[in-house]
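Dear colleague,

Please find the structure below, handed over for your records. My notes on it follow.

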Amino acid sequence: MSRSTLIPFGPQHPAFLEPLNVSLELDEERVASATLNIGYNHRGMEYALALDYKKTQYLAERVCGICSNHHSAAYCQAVEAIYGLEVPERARIIRTITMECQRLTSHLLALGHIAEAVGYENLFMQCFRERELVMRLVNEISGNRVHYSTNIVGGVKRDLDAAMERRIADVMKELRPRLEELRGIFARDSTLVKRTRGIGVLTREQARDWCTVGPVARASGLPQDVREDGFAAYDVVRVRPVVREEGDCYARTMVRMDECLRSVDMIEECLPLLREGPVAVAVKGHPDGEGLGRVEAPRGELLYYIKGTGKLQLDRIKIRTPAFVNVPPVQIMLPGSRLADVAVITVSVDPCICCTDR
Amino acid sequence: MSDDFDRDAHRGIRDMARGMKESGARLITVIGRDRGDDTIELVYMFDQGGRLVDHRFVVEAEQEVDSISDLYSGATNMERENIDLLGMRFKGLGPGLLLVPGRSVEAPLRKRPEEGA
Amino acid sequence: MGLMDRIGARSPWILHFDTGSCNGCDLEVWALLTPRYDVERFGGVNRANPKQADILLITGPVTKKCEDRLRNLYEQVPEPKLVMACGNCASTGAPFHNCYNVCQGVDKVIPVDVYVPGCAARPEALIDGFVKALSLWEERSKAAREARE
């Protein structure tokens, strides 16, 4: 047995978009053990968000820029639960459309990121090219590219007009063949498949033990999808969770790829459901009581717990982000793999450190 | 410090978690909330086949609480987060997940007297 | 540009580091490197290696845990180097103003040359900032060459 080597992977590393540190103990090329260090992005959002609930819906988006719209939607749902508000149907459908658009941008980023980690620069660029289509669409819908600020407590801030509805339909029509082309590459390209299949396996039992959610859980055979609960307009559109059994990097990539196509389906299904009507209802008074908001963010279940005491300042706001439970299992996926695969495995869980650390 | 809670209730945390695990429930999170009187409310939130189930315990802030990280590996970070942000103590776990000891403020989510309860 | 300047000219390489941002600006920085906005046409390539970098693109308000890492990275970058603070929080810490674990902006830790506003900073603004940084960097490289001669 040779002597082991300790290698710090990150916090600044070409494969990572964000600061994340994995402390690797190597036996020659093989990873013997891995320890994850997080906290580089901890800003203290739970403290800041509780200071003034009227500003929270905008600050909540700043928790994470990749799933910002889901954060504000979860926050709004939690506060609406406290007030006992019924959100107008049109607002719920608009929320669903923006949430699915954001899922597309997030998944295309994750797919591009995995292509980059594998060393397939070209495919990374292609993913980002398709992603830019959705980014520009979202910019037209909301006026912003990253923090949409469309959700408010009681509904949405901006209505969609007929021209915008047509525009969304056109973009989806343009996007679908491009996504199908991407799917063909991710599913069959021999380099990609060799670098991802059988790598970083998370078994179903491990996925359950580590409380994983979202694509990571679904790639390990756990059929969990909060959208089936029917928040926003997911009770009227068809939600068909993508579930795979392998639990490896390939499965996680393909789950995201197929979900992109399902998102396009859902957006197209939402558009004819839009009926004339109000997009927001008024709210009165400070929130008093406990509320929970649960949405399926691109990385999995996102939960907001809010306790208000009838004051401007909230008593407690707790965010359980999907990355917080999805990132730690890399510690058990890494041992036994080769050093070259470390980046691929870590990126395959779609680590979002700003969500993890808050 | 108020007396409206059962001081020994927290001994049931592990039995509760074991029962939930056997029923196939998924642990969502462990929420700690400062009640403003040196006691902390712990909410263990589970997903049982799509249904949300919560179990609540009130503990003294200085109390060492049993960890459930051997039952749910994913609970480790949830409990360590409470150690960092609320200054709690869990058996067998240490601080330093999110904060830098010595440089960051200690227990930022605890209510300070000047802020009022 | 004289002959010697042309021979001495090279492309500025980029090092991107996230010091606790919400990812919004990071995504726009990545969008900047990809086909639609493409700063490679100005010679900017993301090398993610401090020893080869010329321009640092820093996002985020600098958390306490990232503070030392950022200083460390800055010291590893060879002269002449330039720092670009991308977004409101990197410039002033704005959205995370008074959060207990942040240093309120990159310039509290290392000197900053170009500030790009926006939350998240739009790619157009980032390109503008990058072009400004580019001319500044060329001036400094020229000054450094002349000082050597």
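Which pattern does chain C follow when read along the sequence? The pattern is α-β-α-β-β-α-β-α-β-α, and the secondary structure of chain C comes to five helices and five strands. Helices (H or I, at least four residues) and strands (E, at least two) are DSSP runs, numbered from the N terminus. Chain C has a radius of gyration of 15 Å, close to the 15 Å given by the globule rule for 149 residues, so it is as compact as a globular protein of that length. That radius is taken over C-alpha atoms, and the rule is 2.2 Å times the number of residues to the power 0.38.

This is a predicted model, in which local features need pLDDT of at least 70, side-chain atom pairs count only at pLDDT 80 or more, and totals for chains, interfaces and linings use all residues. Residues are numbered from 1 along each chain as its sequence is written, while chains are lettered from A and ligands numbered from 1 in the order in which they are written.

The C-alpha trace of chain C spans about 50 × 35 × 20 Å along its principal axes. Of its 149 residues, 50% count as buried (20 or more other C-beta atoms within 10 Å of the residue's own; exposed means 12 or fewer, partly exposed in between, with C-beta atoms placed from the backbone).

In chain A, A:Val193 lies in helix H7, residues 190-196. A:Val193 is partly exposed, because 14 other C-beta atoms lie within 10 Å.

With kind regards
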